[in-house]
Amino acid sequence: MSVLSDPLRFRRSAAGLCLIAAPLVYVVGIVVDPNLRLGGVEESLGIYGRYPEQVSVSASLLHWSWVLLIPGIIGMIHLIRRRAVVFGHIAGGIALLGIVNLSGLMLGDFFYSRLERDLPPQQGADLADLAFADPGVLIAFQIPAFTGLLGLLLLGLALAYEGQAPWWAPVAMVVGSIGATVFPIGTVVGGLLYLAGSGVIGLRMLRMSDAEWAGEAAPQPVSVAVPSGNRAATR
């Protein structure tokens, strides 16, 4: 049976691979972003208007990094089936709604770039700032977007409580995704944290059996080595 025709294997593989791909695409998008990369080196005013091609690539990559995270979040919710199920569903719903809004906010970079090219840079930036200061943008996009990161953290903690991930993984995901925007040191450290946290959950999904994914077999608890010996402690 091919992967595409096997519902268990396909969904498990898609969720796991997306959790690994999302942080990689995210870091590349940040590196390409001219405001994050050059803002501290040269005058940041009008920088999006001066580098429209880089803005287009960066905003597109950042958009897709959030989109790729969505199947991974759905997979995380799927694995919470024995403990803290209600909590996991609520946290997962908040995470999903928030990540969708983070993706939508990436359109703002295109508008900043166009306005800063077609108008004097200060006027273009001010006009874009006014648009993003609209109460509708704040309530419908910005607040849900960053609340979604809190939902992702809580969802990951519920997954750890289920025994399907280490406790540090969701913290690394959220802290890393925020810290990666501080170029260049934060991008390296934060990117590695994000990849480590999201990747360990993604690898867990890829390595589990279809029966375990479907809930037909007892999950194998995540183990970490104990420094003082060869025993393993489960979280």
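**Helix contacts and ring pairs**

Modeller: Start with a helix contact: Pro52, Val55, Ser56, Ala59 and Ser60 in helix 4 meet Asp109, Phe110, Ser113 and Arg117 in helix 6. By class, this contact of helix 4 with helix 6 has four nonpolar, three polar and two charged residues. Keep in mind that the model is predicted.

Biologist: At what angle do the axes of helix 4 and helix 6 cross?

Modeller: The axes of helix 4 (residues 52-79) and helix 6 (residues 107-118) cross at roughly 170 degrees and come within 9 Å. Angles over 145 degrees count as roughly antiparallel, and helix 4 and helix 6 are therefore roughly antiparallel to each other.

Biologist: How is a pair of aromatic rings described?

Modeller: A pair of aromatic rings is described by the distance of the centres and the angle of the planes. In this structure there are three aromatic pairs. For Tyr26 and Tyr194, the ring centres are 5.5 Å apart and the planes lie at 75 degrees, so this pair is edge-to-face.

Biologist: Which parts of the chain does the pair of Tyr26 and Tyr194 link?

Modeller: Distant ones: Tyr26 is in helix 1 (residues 7-32) and Tyr194 in helix 10 (residues 185-207), 168 residues apart. Ring pairs also link Tyr26, Trp66 and Tyr194 into a cluster.

Biologist: Are Tyr26 and Tyr194 buried or exposed?

Modeller: Both Tyr26 and Tyr194 are buried.

Biologist: Which residue lies over the face of Tyr161?

Modeller: Arg83 does, at 4.0 Å from the ring centre of Tyr161.

Conventions: Residues numbered from 1 in each chain as written. Predicted model: local features only at pLDDT ≥ 70, side-chain atom pairs only at ≥ 80, totals over all residues. Heavy atoms only, no water. Phe/Tyr/Trp six-rings, centres within 6.5 Å; stacked < 30°, edge-to-face > 60°. Helix = DSSP H or I, 4+ residues; strand = E, 2+ residues; numbered from the N terminus. Buried < 20%, exposed > 50% of the residue type's maximum accessible area, 1.4 Å probe, protein only. Lys NZ or Arg CZ within 6 Å of the ring centre and 35° of its normal. Axes fitted to C-alpha atoms, helices over the stretch in contact; angles between N-to-C directions. Parallel < 35°, antiparallel > 145°, perpendicular 65-115°, else oblique. Contact = heavy atoms within 4.5 Å. Nonpolar A, V, L, I, M, F, W, Y, C, P; charged D, E, K, R; others polar.
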